[in-house]
Amino acid sequence: MKKIRHNYTSLPEPPRCTGRIHTRELRFSRAMTFAIEEINNSSKLLPRVTLGYRIHDSCASVPVAVQAAFQLTNGPQPLRDAGTECAQSGTVAAVVGESGSTPSISMSRITGPFGIPQISHFATCACLSDKQQYPTFFRTVPSDQFQANALAKLVKNFGWTWIGAVRSDSDYGNNGMASFLRAAHAEGICVEYSESFFRSHPHSRIQRVAEVIRRSTATVVVAFTASGDMRILLEELARRPGPPRQWIGSESWVTDPELLRFGFCAGTIGFAIPRSVIPGFRDYLLDLSPKTVSGSQLLTEFWEGAFNCQLRKELRPGQRECDGSEDLQKLQSPYTDASQLRITNMVYKAVYAIAHAIHSVVCEERNLTTQCDGSIKIQPQQILRELKRVNFSQNGYQVSFDANGDPVASYELINWQRNENGALEFVTVGHYDASLPPGREFYMSRNLTWVDGNTQQAPLSACSESCLPGTRKVLQKGKPVCCYDCVPCAEGEISNATDSSDCFRCPEEFWPDAEKDSCLPKPVEFLSFHEVLGIILATCSVGGACLAIVTATVFFRHRASAIVRANNSELSFLLLFSLTLCFLCSLTFIGPPSDWSCKLRHTAFGITFVLCISCVLGKTLVVLMAFRATLPGSNVMKWFGLAQQRMTVVSFTFVQVVICTIWLVLKPPFPIKNLSTFKEKIILECALGSVIGFWAVLGYIGLLSVFCFVLAVLARKLPDNFNEAKLITFSMLIFCAVWITFIPAYVSSPGKFTVAVEIFAILASSFGLILCLFAPKCYIILWRPEKNTKKFLMAKSTSSGF
């Protein structure tokens, strides 16, 4: 591009149009003249009032557009009368145009201070809705703010979170893309790159943008560009095709038929102004003859370019003269294509909006007739005021403006699909209406075709793969939020949704499953009668009770024998009874804890064991006192007869009963769900209630056991019948050893094994007592009856040396 330098010593050359004529823009201008001629021929709208017009070609150039705006504001202008060949002067009432946002902004800043209303058919920049800056600007095309929101929702709807973005380096592209990026960010969409360019930029700039697109990882590209800019970019991409890209287009280029020649853009999706029908317009477009064309510089340039001939008298080298055989009916051009009247209808509606505003100023309704005064001098401010109130329907299309000068936003969703011949064509696949409630704006009417020709599943475009339930997203350092790693949830936490940003803990009584995507109730654990350990302990408990009962039966059947009578049969039977209760009380520790079982298990255990130890202590005292009674002059046995033995057992047991009663009254044990020992399961156990009460019960048992053990040790070498003192000593040694080791094992055992340890201690100490104290005697009673005699008993005592 040649850079113009000004020396400020002479007037600069006036801005000139360069390049070839844009046939679609020519069709827009023809739509304007068609609408004016319809209005001038109407008997209902502005009857007997003729509208004039003047058309300027801005060549999509801001300087040229500004020059035209200055000409329009310089007072009365010679205006062409659409019905005659004459010209007359008049004040400009309103302006239709421009097609681009940047030229429209420039024009509005010039015409706005004069109160001249401007209606654009294709300037979509959201910035033009600012009435503080552009108070006289209106448009029949929706603002880009609506389109940006719609594009963001479209991208989100197909699950694309990683996209590229290109835009025209103009007010249209920069403002439109800024609105889209804000909407995309709100939808959780990340942009890998955002590049801008303009058709007049150096070719190296276009090449750089194309290379960014080729090398990107995003497979979806959103292009907020003008049609001419997009054509240049696609031409550059076509020179060296890269990986296929899913194009998402703005309404500016997505319905431009000149771009359908780029086959690698198949599957393009974008929003477009709804297609419309203008009756008689195609015939009007084709109603051109060489004579008519020669009267217009624009039409002459179009005719010569379309048919490659020369209408002017001076032939250029290599050009033939147009001979009149040229036929517009056979011409394939965007000018003659009336099947996709989208923006063209926006021009048509803009002209009719101005006409209705003028009608409100110069016409009055009287007696069902319309009377118009064409001699009234119209001020632009009057038209501006009436344009704000315009509300009519033309060819079934509603025309009105909101407070910002914008119409109701409505779009068609366009998809570039191949027809039976393999050529690309525009296919309407859905609609978008911004006036509908949120979530219901989209309406899909048919399947889409994607860039790879697939019609079933949209292509994927994400920086990172989705995180499955059971994991959470962790952002990658220095990258957008859409780039992340998937990390398994921590212990006790789950995520039950795809792409969860965080895990949450399960409720207290629940625990994650193996996949960590749902919470399951924690398994409840207690020592059960149905498990192997519970069955073994219950069997041992019942077996021990049966053994005690069998032993008592043997003693009862041989109660008259010497060995039974010599070993204090009453204490023996009481001891066997207490041992039976000791064995059976262990059953209360098996099964799910309940209120009554928690209270019973420790108190029954404490009382029965004290009863048992009291009996053993009584037998030990009997042995010691019997030895003292054999000494000369000793009268001790009278103080330790049967009544005193019973009183001793009852007294020691009563103390334990009092301790247990106080425990149960003040702070008894109760069932709880232990959630702290194991995170993944619930332990049903009995809380002690009062720890002091529990250790008081155990401490009292231990005190009696130690006392009994000390007495047994003192009496171990006394000459008694059948080594009774030695057996008591050994049984108490086992008893004390079991309960001493019980304490650390009880404290350190987890869950149900705490209960198992306690049951084991009860059974071990109970078996130790019954086997040590009664097994030798039962052996003699049952299998060595010759020793179960008074003679043998006395002989044993004599041989002991006492």
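Modeller: This is a predicted model. In it, the axes of H11 and H12 come within 8 Å and cross at roughly 110°.

Biologist: How are H11 and H12 oriented: roughly parallel or roughly perpendicular?

Modeller: The axes of the two helices cross at roughly 110°. Angles from 65 to 115 degrees count as roughly perpendicular. Therefore the orientation of H11 relative to H12 is roughly perpendicular.

Biologist: How many residues of the contact of H11 with H12 are nonpolar?

Modeller: On the side of H11, the contact involves Ala353, Ile354, Ala357, Ile358, Ser360 and Val361. H12 contributes Gln382, Ile383, Glu386 and Leu387. Two of the residues in this contact are polar and one is charged, while the number of nonpolar ones is seven.

Biologist: Against which elements do the buried residues of H12 pack?

Modeller: H12 covers residues 380-387, and its buried residues are Pro380, Ile383, Leu384, Glu386 and Leu387. These buried residues pack against strand S5 (118-120), strand S6 (137-139) and helix H11 (343-362).

Biologist: In which sense do S28 and S29 pair, parallel or antiparallel?

Modeller: Strands of a sheet pair through backbone hydrogen bonds, in either a parallel or an antiparallel way. Within this pair, Asn674 stands opposite Ile683 in S29. S28 and S29, the latter spanning residues 682-687, are joined over five bridges, and the sense is antiparallel.

Biologist: Is Cys540 buried, partly exposed or exposed?

Modeller: Cys540 lies in helix H13, residues 532-557. Buried means under 20% relative accessible area and exposed means over 50%. Because its relative accessible area is 31%, Cys540 is partly exposed.

Biologist: What distance separates the C-alpha atoms of Cys540 and Phe767?

Modeller: Leaving aside neighbours within four places in sequence, Cys540 is in contact with Phe583, Leu763 and Phe767. Cys540 and Phe767 are 227 residues apart along the chain, and their C-alpha atoms are separated by 9.6 Å.

Biologist: Finally, what percentage of the residues of the protein chain count as buried?

Modeller: The protein chain has 21 helices and 29 strands. It consists of 802 residues, and the share that counts as buried is 49%.

Definitions and conventions:
Residues numbered from 1 in each chain as written. Predicted model: local features only at pLDDT ≥ 70, side-chain atom pairs only at ≥ 80, totals over all residues. Heavy atoms only, no water. Buried < 20%, exposed > 50% of the residue type's maximum accessible area, 1.4 Å probe, protein only. Helix = DSSP H or I, 4+ residues; strand = E, 2+ residues; numbered from the N terminus. Contact = heavy atoms within 4.5 Å. Pairing = 2+ DSSP bridges. Axes fitted to C-alpha atoms, helices over the stretch in contact; angles between N-to-C directions. Parallel < 35°, antiparallel > 145°, perpendicular 65-115°, else oblique. Nonpolar A, V, L, I, M, F, W, Y, C, P; charged D, E, K, R; others polar.
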